[in-house]
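Colleague: I'd like to learn how to read aromatic pairs in a structure. Could you walk me through it?

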Amino acid sequence: EGWNVAKQYRLGFVRKMVNRMVAGRVRKGKMADNVYLLTTLGRKSGLERTTPVTLAEAGGIRYVVAPYGSVGWVHNVRAAGQAELSRGGESEEITLTEVDAAEAGPVLKKYVQDVSVVRPFFDADEDAAVEEFIKEAAGHPVFRVS
């Protein structure tokens, strides 16, 4: 107990460059269909903040997952409850509602199975039981899109 094997996310120079490259491709519609740009208003600055996100879907419901924990956009969404999703010149205003661990668990499991790059940031292996992802939900916020 108390041993955390998950890697900690750091927004360093390389990650910033990768995000810029991905953002450019998303704007042109050249990424996978579930990759979007999420634009939030900074809770302190009031300025627009944009980051690439990979949406998850379960039971016909779309979710925005925070695989790296409570990063900046998560705090902005919690403050505002709304954001914009865009890709390929199309955009939509969305409402984001944070879900509880029971709803988040299956979404997180599917997300880790589908998005291999995030696996080092989870303690649960992609083949772990949903209960393991429910335990991790507090560290990986999940928001229902409406």
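This is a predicted model: local features need pLDDT of at least 70, side-chain atom pairs count only at pLDDT 80 or more; totals for chains, interfaces and linings use all residues.

Colleague: How many aromatic pairs does the structure hold?

Modeller: Three. In general, you describe a pair of aromatic rings by how far apart the centres are and by the angle of the planes. Take Tyr-68 and Phe-121: the centres are 4.8 Å apart and the planes stand at 85°, so this pair is edge-to-face.

Colleague: Where in the chain do Tyr-68 and Phe-121 sit?

Modeller: In distant parts, 53 residues apart. Tyr-68 is in the loop between strand 3 (61-65) and helix 2 (72-80), while Phe-121 is in the loop between helix 3 (101-114) and helix 4 (130-136). Tyr-68 is partly exposed, at 22% relative accessible area.

Colleague: And Trp-73 with Phe-143, what kind of pair is that?

Modeller: A tilted one, with 5.9 Å from centre to centre and 55° between the planes. An angle over 60 degrees would be needed for edge-to-face. Trp-73 belongs to helix 2 and Phe-143 to strand 6 (residues 142-145), so the pair ties together parts 70 residues apart in sequence.

Colleague: Are Trp-73 and Phe-143 buried or exposed?

Modeller: Trp-73 counts as buried at 12% relative accessibility, and Phe-143 is buried too, with a relative accessible area of 1%.

Colleague: Which residue lies over the face of Tyr-36?

Modeller: Arg-87, at 5.7 Å from the ring centre.

How values were computed:
Residues are numbered from 1 along each chain as its sequence is written. Side-chain values use heavy atoms; hydrogens and water are left out. Rings of Phe, Tyr and Trp (its six-membered ring) pair if their centres lie within 6.5 Å; planes under 30 degrees apart count as stacked, over 60 as edge-to-face and the rest as tilted. Helices (H or I, at least four residues) and strands (E, at least two) are DSSP runs, numbered from the N terminus. Buried means under 20% relative accessible area, exposed over 50%, partly exposed in between (1.4 Å probe, protein chains only). A charge sits over a ring if NZ of Lys or CZ of Arg is within 6 Å of the ring centre and within 35 degrees of the ring normal.
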